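Have the sequence and the 3D view open as you read.

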Amino acid sequence: MEVEGLEPDRWYWYRFMAGGEVSPMGRTRTLPTAGAQPERLRFAFASCQKYEVGYYTAYEHMAREELDLIVFLGDYIYEKTDGSDAVRPHGLPEALTLDDYRRRYAVYKTDSSLQAAHSMAPWLVTWDDHEVSNDYAGSVPENPGAADPARFLLRRAAAYRAYYEHMPLRHAARPSGPDLRLYRRFDYGQLARFNVLDTRQYRTDQPAGPRLQPDRPDLRDPAGTLLGLDQLAWLFEGLDQSPARWNVLAQQVLMAPVDRVPGPDKVVDVDKWAGYEFERRRVLRHFLEKNISNPVVLTGDKHNNWANELLIDFDDSVERPAAVEFLGTSITSGGDGVDQPDYTAALLAENPCVKYHNNERGYVRCEITKKYWRSDFRTIPYVTRRGAPLQTRASFVVESGAPRLHQA
Ligand SMILES: [Fe+2]
């Protein structure tokens with residue numbers, strides 16, 4: 001159901017009545033008008049909520065924050081099923097059919113903490129791979145030899161349909177077979193423009209070989225695309241015509257081409273923007289050449305927290321950053337975390353663009369004004385038991401006009 005005729009820039013309360021049942025009350029709000037100059041926006045972003053590995057305590061905390069918006073960056077469900085070591089077994093087989101995917105959403109949505117977060121603010125959602133299947137690329141499944149493409153597209157159609165049925169999307173997103181247009185834009189007055197991206201549906205297959213590969217020329221193949229050319233043109237148009245102070249890319253995968261090994265060799269994860277290096281550079285170059293106002297990239301997928309400055313060639317000595325990237329950790333995926341894992345010092349030393357790393361669960365809270373952007377990494381120490389306390393592990397501020405991270 002799509003509600004029409006609402007006033008801009010105000011809170012609304014709602015409930016559903018069906019079959020004699022009445023739902024609890026939910027709260028949502030409308031966007032300010034296009035010309036409005038709101039003083040601030042407070043939102044949180046999250047990703048990766050594998051049900052079986054733990055409790056959604058992070059959402060209990062999130063529901064107590066004062067937020068205008070919640071942004072979800074993918075992996076709302078996981079299609080595979082853990083073995084008997086699951087903290088919260090749901091007893092469903094791997095999702096393959098429409099019925100399977102529907103049951104997945106039904107189980108996930110029984111969680112009262114997730115319900116609390118949905119009922120306190122509107123959600124802006126996009127997906128990553130696990131809403132369909134691990135590491136798929138367009139019409140190509142993770143192991144292309146294992147399934148014929150037509151069968152994979154049937155599975156994708158089922159998964160997309162279940163997503164449309166269960167997530168807050170407009171009629172315009174109604175799927176057609178294996179296609180669902182998820183990329184779209186939202187303007188919070190003239191303060192922030194959210195370009196919500198889809199880095200799964202239109203991408204070319206990952207470069208051949210394992211996920212972690214030495215950097216090599218064919219990762220820069222101009223034929224490789226993560227967004228697809230239509231979405232890329234749409235993004236550039238939305239950036240070029242934006243009236244907003246802050247231009248947000250709400251998307252899935254790590255944009256900083258992080259080197260995963262110490263020493264002179266460079267090893268990157270080709271499922272991320274690093275596997276689509278030509279396009280990564282093209283987007284960052286566009287930010288600089290078109291003088292786009294304050295681009296900020298929001299990322300999920302990796303199950304840990306990162307704050308990165310994004311350079312085109314990643315030569316720290318000569319370049320100024322084209323944008324900043326905040327990568328938020330998972331709600332549960334990966335299980336209990338640690339603040340600073342063993343590899344952190346080496347990771348930061350090898351990648352000067354990475355200003356912060358943490359491996360606990362949680363979410364990122366953001367406050368935006370005309371003058372600054374502030375991100376707080378809100379973390380909890382465990383998810384395999386209930387009741388984990390919340391803390392802010394680190395905060396970073398970006399001043400409008402200068403894409404640099406300052407630890408607050
Ligand atoms: Fe994930």
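## Ground rules

This is a predicted model, so to speak with care: local features need pLDDT of at least 70, side-chain atom pairs count only at pLDDT 80 or more, and totals for chains, interfaces and linings use all residues. Residues are numbered from 1 along each chain as its sequence is written, and side-chain values use heavy atoms, with hydrogens and water left out.

## The iron site

Which residues hold the iron ion? The protein donors are C48 (SG), D75 (OD), Y78 (OH) and H303 (NE2), and they lie 2.1 to 2.5 Å from the metal. (Donors are N, O and S atoms within 2.8 Å of the metal, or 3.2 Å for Na, K and Ca; water is not among the atoms, so sites may look incomplete.) Along the chain, the donors follow the spacing C-x26-D-x2-Y-x224-H. (Helices, H or I with at least four residues, and strands, E with at least two, are DSSP runs numbered from the N terminus.)

The arrangement is irregular because the four donor atoms subtend angles of 85 to 167 degrees around the iron ion. (Four donors count as tetrahedral if all angles lie between 85 and 135 degrees; four count as square planar and six as octahedral if opposite donors are over 155 degrees apart and all others between 65 and 115; anything else is irregular.)

Most residues other than glycine have a negative phi. C48 has a positive phi of about 60 degrees although it is not a glycine, and it counts as buried at 0% relative accessibility. (Buried means under 20% relative accessible area, exposed over 50%, partly exposed in between, with a 1.4 Å probe and protein chains only.)

D135 also isn't a glycine, yet has a positive phi of about 55 degrees. You'll find D135 in the loop between strand 7 (123-125) and helix 4 (149-166), and at 7% relative accessibility it is buried.

## Salt bridges

How many salt bridges does the structure hold? There are 35, each being a side-chain nitrogen of Lys or Arg within 4 Å of a carboxyl oxygen of Asp or Glu. D99 and R103 make one of 3.1 Å, N to O; both sit in helix 2 (residues 98-108), four residues apart, about one turn of the helix. D99 is partly exposed at 39%, and R103 is partly exposed at 45%.

K272 pairs with D301, with the closest N and O atoms 2.6 Å apart. K272 lies in the loop between strand 12 (267-269) and helix 6 (277-289) and D301 in the loop between strand 13 and strand 14, so the pair ties together parts 29 residues apart in sequence. Both K272 and D301 are buried.

## The cavity

K272 turns up again here: the lining of the largest cavity consists of L254, A256, P257, V258, R260, V268, D269, K272 and A274. About 40 Å³ of space lies inside that cavity.

Notes
On a 1 Å grid over the protein atoms alone, a cavity is a set of points where a 1.4 Å probe fits but cannot get out, and a pocket is an open set with protein on both sides within 12 Å along at least five of seven lines; lining residues have an atom within 4 Å of a point. Grid points are joined across faces, edges and corners, and a volume is the space filled by probe spheres set on the points.
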